[in-house]
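Have the model open alongside as you read.

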Amino acid sequence: MAERNESIAWPSDDELRAVGETRVLFGHQSVGSNILDGVARVYADASVPAPVIADVSSGEDARDGSLMHAYLGVNGEPLSKFTAFAAMLDSPVAEGVDVALMKLCYVDITASTDVQAVFDAYGSMMADVEAAHPDVRFLYTTVPLTADRGWRSRIRALLGGDDRTGPADNIARERYNAMVRQEYAASGRLVDIAAIESAGTGERSQGGHTYHVLDQHLSLDRGHLNEAGSEAVAAELLKTVATYSPVA
């Protein structure tokens, strides 16, 4: 297991046990897969049996105590993910779910995104699913960040390529995440992925805008999470799920 970041509050065995007795539904794409890999490693380092992680989008069986997950929508089209999450909650897959959440990927919020429109759509969708499913405890998430461009990426950007790892992209993510925090942080149900990814990196500035980046020590390829990164985000997710578990 990767060396743990001591600045992260890691889940206790009691918290891990509570998660194992909770039916969780998690909608995501590739960074979410990194987080689920981290969940498996956090449990592997504990004395508590891991929950069954079931990919319900591929037809895997969902059993009691499962951490069910599904790949939502299309990357780069955040509204498709909101629609897919709401539809999944109305399907038989969500029967008996205790805790549910979905996350966007870094490719869903870039310099070209209408950030306000995406946030408005997210808030509307969450309000709708919460009203339709009052027995489910919903969690909220910030959008992941990317690390600063390397020199090869900077050259590609100058030549017209778009790898979505530029300062302007993270500035847009900073704006979106600020809206999410303002709206949901006080609820205690926010899994602040971006804050975990950027802890210790300091604030950057460009063109009068401040922003944060993914710590390269937590990054696999400037966008996805390596073992240390995936475990750090997984730890926060597990602690938050445990807090809102019906057995907590």
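Let's start at Asp55, which stands opposite His69 in β3. That pair belongs to β2 and β3, parallel strands joined by three bridges. Before going further, note that this is a predicted model, where local features need pLDDT of at least 70 and side-chain atom pairs count only at pLDDT 80 or more, while totals for chains, interfaces and linings use all residues. Residues are numbered from 1 along each chain as its sequence is written, and side-chain values use heavy atoms, with hydrogens and water left out.

**The sheet**

The protein has eight helices and nine strands (DSSP runs numbered from the N terminus: H or I of at least four residues for helices, E of at least two for strands). Five of the strands form an open sheet in the order β2-β3-β1-β4-β5, with parallel pairing (two strands pair if DSSP finds at least two bridges between them). β2 (53–55) and β5 (137–138) sit at the edges with a single partner strand each, so one side of each has no neighbour in the sheet.

Leu25 is a handy landmark: its bridge partner in β3 is Met68, and in β4 it is Ala100. The β1–β3 pairing is parallel, over five bridges, and four bridges join β1 (residues 24–28) to β4 (residues 99–102), also in parallel. As for β3 (residues 67–71), four of its five residues are buried (buried is under 20% relative accessible area, exposed over 50%, partly exposed in between, with a 1.4 Å probe and protein chains only). Across the protein's 248 residues, 51% count as buried.

**Two helix pairs**

The table gives axis distances and crossing angles (axes are lines fitted to C-alpha atoms, for helices over the stretch in contact, and angles run from 0 to 180 degrees between N-to-C directions).

| Helix pair | Axes come within | Crossing angle |
|---|---|---|
| α3 (residues 78–89) and α4 (residues 115–132) | within 10 Å | roughly 5° |
| α1 and α8 | within 8 Å | roughly 70° |

That makes α3 roughly parallel to α4, whereas α1 and α8 are roughly perpendicular to each other (under 35 degrees is roughly parallel, over 145 roughly antiparallel, 65 to 115 roughly perpendicular and the rest oblique). Between α1 and α8, contact (heavy atoms within 4.5 Å) involves Glu15, Leu16, Ala18 and Val19 of α1 with Leu238, Lys239, Val241 and Ala242 of α8. By class, that is six nonpolar, no polar and two charged residues (Ala, Val, Leu, Ile, Met, Phe, Trp, Tyr, Cys and Pro are nonpolar; Asp, Glu, Lys and Arg charged; the others, Gly among them, polar).

**The cores**

Which residues touch the most other members of the largest nonpolar core? Of its 38 residues, they are Ile35, Tyr43, Leu139, Leu237, Leu238 and Val241 (a nonpolar core is a set of buried Ala, Val, Leu, Ile, Met, Phe, Trp, Tyr and Cys residues joined through side-chain atoms within 4.5 Å). The largest share, eight residues, comes from α8. Leaving aside neighbours within four places in sequence, Tyr43 contacts residues including Leu16, Val19, Pro49 and Leu238. Apart from this core lies another of 32 residues, among them Val97, Met126, Val129 and Ala172.

Finally, look at Arg222, in the loop between β9 (209–211) and α8 (227–243). Arg222 isn't a glycine, yet its phi is positive, at about 80°. Most residues other than glycine have a negative phi. With 26% relative accessibility, Arg222 counts as partly exposed.
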